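Work through the exercises below with the structure open. Each task is followed by its solution, step by step.

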Amino acid sequence: MDQSADLLLKDRATLTADRKAIKRKQRFPFLMMLPFFVPVIVFVVVPIILMLVMSFTDMKFTLKWNFIGFDNYRRIFGYPDMSKILARTLLLVVGNTTLSVLGSIFVVVITTYYLDIVYRRKNLGLLFRIIWLIPNLTPTIVFMFIWRFMFGPEGYGMINKMLAAIGLPAMNWFTNWSMQLLLASMSLSSASGSIILFSSAIRQIPESIVQSAKVDGAGNFYICRRIVLPYLRWPITQKTLWSILGNFTAYESIRLLTGGGPMGSTVTYAYYIYQNAYQYHTYGYGAALSVFMVLMSITMGLIMLRVFQVDKQLRVPRMDI
Amino acid sequence: MSEPMIRLENIGKSYDGRTYAVRGMDLTIEKGDFVALLGPSGCGKSTTLMMLCGLYRPTEGSIYFNGRYVNNILPKDRNIGMVFQSYALYPNMNVFENIAFPLKQLKHLSKREIRKRVQEVANTVKIPELLHRMPSQLSGGQQQRVAMCRALVKDPDILLLDEPMSNLDARLKLEIRDEIKKLQERLALTAIIVTHDQEEAMAISSHIAVIDQGSIQQYAAPDVLYNRPKNLFVASFIGTPPMNFITGTLEPMGEDFVCITAGGNITIPAALIDCDLLTSRSVVLGIRPHNFKVVQSRENALTLSVDYIEHLGKENLYRCQMAETSIRVITAIDERYPTDEPLSVQIDLKMLNIFDEGSGDNITCDVVV
């Protein structure tokens, strides 16, 4: 009896020792992951907390932490132009997303489906795809500079010079058409980015599926509608989600092309934040606006995940035979 | 004289304008025939099928369906049904929509008529319970059946099958093979199957076109192909275990001939050989493994040394050597011979094929060309 009790004790001792050793071992991987955790905490988590705290102060360029409670948030909802800014933001988000997604589907169907697959003019298709890629490859600042130059005032802008050449009167593009110009330039740039994604999705379609549809009697347009476009469902969903969130937070193109003008007619919510935080240096108010934007983004994101049934698309195996 | 169902005249196809995937191909297929295009990969059999269905246009030659020139006719107007190797089911449509797809292209059909015909063909192929599933929810064999339905629903004149069973496991292959054969006979279809599996081709088809390097080597019924291959390529391609080839010199001897080989001399009656033979010539004797008879005497027999024995269950296979040549001899299960003594075998002359070594052509007298 004594002996067995002794053995048990001994076992317990070795067991605790083992457990300690295991714990020590488990600590090691986390040590190795420090280079990941440290930057995330320093550059992501801490700024988020700082911004939250800052949104309850009236911090200006003096950087004083003077707490004023919910005043900043009251100011957001009390701002008379806020409804106009939000409506404008909605217009930009919906307009850009629709134009860029539909535009890139159109370009890809022409270049990849019709030129590459139907008419077997692969080089021509490639050429057009490369041309279409240029807006996305150009840095935003260069791209927007080119637009400023093209639509510049009488005597400077290229378009106005061309109008003059054919005897038409010059137009004040940035006075009367600033929102339209923003929509056109931004959606062109983002349509250009979708082309690679959509084009590679079309190329993944097995050749035999298109051949089979031809033998079954389907015409080129019917094949495009019933076979090719369904293959684009997932990339289109992805691009739409991306474009909605991206356009909601976009301000650099506005800064570069119109600067919010004329008379604040192209100020969107994100640009309004930029103005308050970096032009008027009202950091506290800017932080509150940003917190509100993050909340809106999260809400929109959750709604869209539901609407597009992203979880379903991810789970159901997309058959490739 | 009625026109054959399909007639290919001197068909050629080149993808790059220099090399030909198919060249100088002539083929006549009667109504109700089940023809297999058989050959190693890259021989041009799939290219031929693609030209038949109209997805590829022949570079030269003409194709006639029922006497009608169809080179310029689009696939959809040829009234063909096709089953692809990968089945090519439309992944975004369920089984019903997949099968109904060809019917929807015919503008005059009502929805009720379409539903009725899909239902009918699904019953024929025995998949009525699958109509609401998506292709991704089907097994390989079920996908194959759906592809068959889609090919048959239009009531085609010609059924084209592009390696339809190569993605199935061995047992399912046998099952589907039987069903395709039964369906073809019941519906009196003209069918063409592309395959590299000779067993499949022998089992399913009424005629086989053996293709190599873009042209037909022999076009005949399976038994003819097996017993009287037209040339060395066909002889070596058809049959498992393969035919034995023994090189020798054929020389006139009195009324008959004698073939001198490394394993012994064999007398060959003159009636067996199709051409006039005045001087000796190099030939290849082709004998199937089960056409040997083990004998005691060495008279008119080949002497082989036995390497080892494979017991195949219903028979024994002796792996033998004759000089540098490896020879397979199949004997009945109750015949046992020692491995350490030389084996004397006689050739069943009725089943012997003699090929000219230079041209590779069969010079046995009753070769069907």
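**Exercise 1. Find the partner of A:Asp116 in a salt bridge and give the distance between the closest N and O atoms.**

Step 1. Apply the rule: a salt bridge is a side-chain nitrogen of Lys or Arg within 4 Å of a carboxyl oxygen of Asp or Glu. Step 2. A:Asp116 pairs with A:Arg129, and their closest N and O atoms are 3.3 Å apart. Step 3. A:Asp116 sits in helix α4 of chain A and A:Arg129 in helix α5 of chain A, so the pair ties together parts 13 residues apart in sequence. Helices (H or I, at least four residues) and strands (E, at least two) are DSSP runs, numbered from the N terminus. Step 4. Over all chains, the rule gives 15 salt bridges.

The model is predicted: local features need pLDDT of at least 70, side-chain atom pairs count only at pLDDT 80 or more, and totals for chains, interfaces and linings use all residues. Residues are numbered from 1 along each chain as its sequence is written, chains are lettered from A and ligands numbered from 1 in the order in which they are written, and side-chain values use heavy atoms, with hydrogens and water left out.

**Exercise 2. Describe how α5(A) packs against α9(A).**

Step 1. Take the axes, which are lines fitted to C-alpha atoms, for helices over the stretch in contact; angles run from 0 to 180 degrees between N-to-C directions. Step 2. The axes of α5 (residues 122-137) and α9 (residues 178-203) of chain A come within 6 Å and cross at roughly 135°. Step 3. That makes α5(A) oblique to α9(A). Angles under 35 degrees count as roughly parallel, over 145 as roughly antiparallel, 65 to 115 as roughly perpendicular and the rest as oblique. Step 4. The crossing is left-handed: the near helix is turned anticlockwise from the far one by less than a right angle, whereas clockwise would be right-handed. Step 5. List contacts (heavy atoms within 4.5 Å). A:Arg129 and A:Trp132 are among the α5(A) residues that meet α9(A), where the partners include A:Leu188 and A:Arg203. Step 6. Sort the contact residues: seven nonpolar, five polar and two charged. Ala, Val, Leu, Ile, Met, Phe, Trp, Tyr, Cys and Pro count as nonpolar, Asp, Glu, Lys and Arg as charged, and the others, Gly among them, as polar.

**Exercise 3. Do likewise for α4(A) and α11(A).**

Step 1. Helix α4 (residues 82-118) and helix α11 (residues 220-231) of chain A pack at about 115°, with axes 12 Å apart. Step 2. Their crossing is right-handed. Step 3. Contacts include A:Tyr113 and A:Tyr114 in α4(A), and A:Phe221 and A:Cys224 in α11(A). Step 4. By class, this contact has ten nonpolar, one polar and no charged residues.

**Exercise 4. Characterise the contact between chain B and chain A.**

Step 1. Count residues: 26 come from chain B and 17 from chain A. Step 2. Chain B and chain A bury about 2,000 Å² between them, 64% of it on carbon and sulfur atoms. Buried area is the accessible area (1.4 Å probe) that two parts lose on being put together, summed over both. Step 3. On the chain B side, B:Tyr90, B:Pro91 and B:Gln105 lose the most area to chain A, together 23% of what that side buries. Step 4. One salt bridge is counted between the chains. The side chains of A:Asp216 and B:Arg150 meet in a salt bridge at 3.5 Å, N to O.

**Exercise 5. Which peptide bond to B:Pro241 is cis?**

Step 1. The bond runs from B:Thr240, with omega near -10°. Step 2. B:Pro241 lies in the loop between α8 (232-237) and β11 (244-253) of chain B.
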